[in-house]
Amino acid sequence: PPSRPLPSRATPSNASGFISYLIVGSKKHRTYIGATMGDHPFMRCAQHNGLRSGGTARLANGRPWTVVAWVSGFPTWKHALKFERAWQLGYAAACMRDAAPTSESTRGAVGKLRLLRALLITRAWYWHTLHVHLVRGAQRASACAQREAVLANRGHAHLSWWDPPQA
């Protein structure tokens, strides 16, 4: 991985500093799954919103973006990137071949949280001690996050709730 300083323990990610995150845009069903190394997920979202340098121009159309959830606890940057890619691909990911796709939609924040729940119980990720962080009151996602809180009991995932930062 690139040599960047790891975050302090004051950040809500984890001590290793590798996270995969889900943000939702202002347009219906617009979501983005990314990975970052060492950045606070809310700071990364601010970059995507154009409030800080370092965001991607591809996401300008869906602004403003809101953090819905992030997963931490990856031992390496490579693990975080693999998890990000599997979460993006959903049931098409190699590690999800044994998972039975449901008839439930995988679109929008609700669908991405359903995929996260399924991903956490696959053989590839079950034995990792991952931490799932859900944001209370996230735009259009609070109710679905509460419904999907059952994912805390899957595998060795730990669940925590975060209040969004005050503007």
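I looked up Ile 19 first: its bridge partner is Thr 36, in strand E2. Strand E1 (residues 18-24) pairs with E2 in the antiparallel sense, over 7 bridges. For pairing I go by DSSP finding at least two bridges between two strands. Helices (H or I, at least four residues) and strands (E, at least two) are DSSP runs, numbered from the N terminus.

A note on what I'm looking at: this is a predicted model, where local features need pLDDT of at least 70, side-chain atom pairs count only at pLDDT 80 or more, and totals for chains, interfaces and linings use all residues. Residues are numbered from 1 along each chain as its sequence is written, and side-chain values use heavy atoms, with hydrogens and water left out.

Next, is E2 (residues 31-37) buried or exposed? I found 7 of its 7 residues buried, so the strand is largely enclosed by the rest of the structure. Buried means under 20% relative accessible area, exposed over 50%, and partly exposed in between (1.4 Å probe, protein chains only). Thr 31, Ile 33, Ala 35 and Met 37 sit on one side of E2, with Tyr 32, Gly 34 and Thr 36 on the other.

Then I checked helix H3 (residues 108-120). Its 13 residues should span 18 Å, and its end C-alpha atoms are 18 Å apart, which agrees. The expected span is 1.5 Å times one less than the number of residues. In H3, 12 of the 13 residues are buried, so this helix is largely enclosed too; among them are Gly 108, Lys 112 and Arg 117.

Last, cysteines. I counted 0 disulfides, taking a disulfide as a pair of cysteine sulfur atoms within 2.5 Å. Cys 45 is buried at 5% relative accessibility, while Cys 95 is partly exposed at 24%.
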